[in-house]
Amino acid sequence: MQMLKRIVSAGLGGQGVLTFGMILAEAAASQGKYVTWTPEYGSAMRGGWSCTKVKISDDEIISPFMEKMDVLVALSEEAIDNFAESVIENGYILVEESLMENIGDYPNRKVIGVPATEIAEKNDNAKGMSIVMVGASIAAADLFPIDVATAAVVSYFEHKGYPVEKNKAVFIDGYNYVKENMK
């Protein structure tokens, strides 16, 4: 059976939504998968609406367009409002729980509150919340084994010249958190 996964991350500018999509896309491409990465964002640099849509497949992808998704990573209540109903039955809605007052009820979907900000702060990586959610989404979508995914994250940050160890740590913690809390 061929793999096709559709993952959307949405939130506000400055939360790392676009970085989330780039890491996910690069990780998939490093494994020889076909990938589309579609960023969407408002005109505001920080605080405006932001979204990234990633399709990952074993086969060529005809269109990046998505009506449904397997995993939604929601970093704002607006993200939940805009995308939660498009998550497939038995799909995952991953929310950064400290950023949500009202998550809501989504029958036939698996909602996991991820303490991503807390995990990032625990690892002394205040800007690492979106990297926690990359790990969480890879775990929920069952995309790659942890060692393969970790190598892709390390490669991404090495090429960017950003701290590798702190980002690797939050990624692994996000992955493990979701694996331990999957329903």
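Modeller: A residue is called buried when its relative accessible area is under 20%, exposed when it is over 50%, and partly exposed in between, using a 1.4 Å probe and protein chains only. The model is predicted, so local features need pLDDT of at least 70 and side-chain atom pairs count only at pLDDT 80 or more, while totals for chains, interfaces and linings use all residues. Residues are numbered from 1 along each chain as its sequence is written, and side-chain values use heavy atoms, with hydrogens and water left out.

The rings come first. Searching the whole structure gives 3 aromatic pairs (rings of Phe, Tyr and Trp, the last by its six-membered ring, with centres within 6.5 Å; planes under 30 degrees apart are stacked, over 60 edge-to-face and the rest tilted). One of them joins Tyr-156 to Phe-157 in an edge-to-face arrangement, with 5.1 Å from centre to centre and 85 degrees between the planes. Tyr-156 is buried because its relative accessibility is 7%, and Phe-157 is likewise buried because its value is 5%. Phe-157 also pairs with Tyr-162, and this pair is tilted, at 6.4 Å centre to centre with 55 degrees between the planes. Tyr-162 has a relative accessible area of 48%, so it counts as partly exposed. Through these ring pairs, Tyr-156, Phe-157 and Tyr-162 are linked into a cluster.

Phe-157 leads on to the helix packing, as it is one of the α5 residues in the contact with α6. Helix α5 covers residues 146-160 and helix α6 residues 164-181 (helices are DSSP runs of H or I with at least four residues, numbered from the N terminus). The two pack at about 150 degrees, with axes 9 Å apart (axes are lines fitted to C-alpha atoms over the stretch in contact, and angles run from 0 to 180 degrees between N-to-C directions). Because of that angle, α5 is roughly antiparallel to α6 (over 145 degrees). The α5 residues in the contact (heavy atoms within 4.5 Å) are Ile-146, Ala-149, Thr-150, Val-153, Val-154, Phe-157 and Glu-158. From α6 come Val-164, Asn-167, Lys-168, Phe-171, Ile-172 and Tyr-175. These contact residues comprise 9 nonpolar, 2 polar and 2 charged (Ala, Val, Leu, Ile, Met, Phe, Trp, Tyr, Cys and Pro are nonpolar, Asp, Glu, Lys and Arg charged, and the others, Gly among them, polar).

Note on methods. Parallel < 35°, antiparallel > 145°, perpendicular 65-115°, else oblique.
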